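Here are some friendly notes to read beside the model. Please keep the structure open and look up each residue as we come to it.

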Amino acid sequence: MQKWIMSIVLGIAGFLFVILLLFNLPAKEEASQMDSPASIPETPVNASKAESIYKSNCMHCHGDEYQGAMGPALNQVGAKLGREKIYNQIVHGGGGMPGYEGRLTEEEIVNITNWLGSFK
Ligand code: HEC
């Protein structure tokens, strides 16, 4: 009798486990990909696009020669920070810098991230 109950309990546990695998894991994976380096595609840099975005959005704080002004110098930022840190700083801002989520397109942010990531 008890064995019979146990197998039902185990059956339900197994069923719940499968449900968790099906619905929970993919959702978690998506969430963790948001900030992972793998989510920043290494697209070929379009430097002229990146520069024109830099000039109109970033230069007044980071300097016309990336030497820094109100914000830190960016001329070696690729050596100091990984691409995911650069990306997050541009998307969310912080420390006196505005976030550019919604102001620049995802493609523009990825392009400028890869461009700055090559400043070493
Ligand atoms: C209003 C001024 C301002 C503007 C505009 C601005 N930044 Fe910044 N930025 C800052 C400040 C201040 C920091 C330092 C933040 C901190 O230390 O937490 C910073 C930090 C950064 C960093 C990290 C550098 C480091 O050494 O830690 C990157 C990368 C960066 N900005 C890129 C950009 C890009 C790209 C743009 C344009 C799309 C931009 N910033 C526009 C002020 C600005």
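1. What percentage of the 120 residues in the protein do buried residues make up? Buried residues account for 25% of them, where buried means under 20% relative accessible area, exposed means over 50%, and partly exposed is in between (1.4 Å probe, protein chains only). Before going on, please note that this is a predicted model, in which local features need pLDDT of at least 70, side-chain atom pairs count only at pLDDT 80 or more, and totals for chains, interfaces and linings use all residues. Residues are numbered from 1 along each chain as its sequence is written, and side-chain values use heavy atoms, with hydrogens and water left out.

2. Now the overall layout. The protein has six helices and zero strands, so called because helices (H or I, at least four residues) and strands (E, at least two) are DSSP runs, numbered from the N terminus. Reading along the sequence gives the pattern α-α-α-α-α-α. Of the contacts in the protein with a separation of 6 or more, 57% are between residues 24 or more positions apart; a contact means heavy atoms within 4.5 Å.

3. Next, the ligand. Which residues come nearest to the ligand? Of the 22 residues around the ligand, they are Cys58, Cys61, His62, Lys80 and Met97; a residue is near a molecule if one of its heavy atoms lies within 4 Å of it. The shell around the ligand divides into 13 nonpolar residues, eight polar and one charged. In this grouping, Ala, Val, Leu, Ile, Met, Phe, Trp, Tyr, Cys and Pro count as nonpolar, Asp, Glu, Lys and Arg as charged, and the others, Gly among them, as polar.

4. A polar side-chain atom of Lys80 is 2.5 Å from an oxygen atom of the ligand, and a polar side-chain atom of His62 is 2.8 Å from a nitrogen atom of the ligand. Helix H3 (59-62), helix H4 (77-80) and helix H5 (83-92) are the elements that give two or more residues to the shell around the ligand.

5. Let us stay with His62 for a moment. His62 is in helix H3. Is His62 buried or exposed? His62 is buried, because its relative accessible area is 10%. Leaving aside neighbours within four places in sequence, His62 is in contact with several residues, among them Tyr54, Gln67, Leu74 and Met97.

6. Please also look at Tyr66, in the loop between H3 and H4. Tyr66 is not a glycine, yet has a positive phi of about 60 degrees. Tyr66 counts as buried because its relative accessibility is 18%.

7. Asn114 belongs to helix H6 (residues 106-117). With a relative accessible area of 8%, Asn114 is buried. Not counting residues up to four places away in sequence, Asn114 touches Ile40, Pro41, Glu42, Thr43, Val45 and Arg83. From C-alpha to C-alpha, Asn114 and Tyr87 are 8.7 Å apart in space and 27 residues apart in sequence.

8. What links Asn114 to Arg83? Their side chains make a polar contact (2.9 Å), that is, a pair of N or O atoms within 3.5 Å; within protein, one must be able to donate a hydrogen and the other to accept it, and residues adjacent in sequence count only if both atoms are side-chain atoms. Arg83 sits in helix H5. A polar atom of the Arg83 side chain also lies 3.5 Å from the backbone oxygen of Pro41. Arg83 and Glu42 are 41 residues apart in sequence and 9.6 Å apart in space, C-alpha to C-alpha.

9. Finally, find Thr113, also placed in helix H6. Thr113 is buried, because its relative accessible area is 0%. Apart from residues up to four places away in sequence, Thr113 touches Ile40, Arg83, Ile86, Tyr87 and Ile90.
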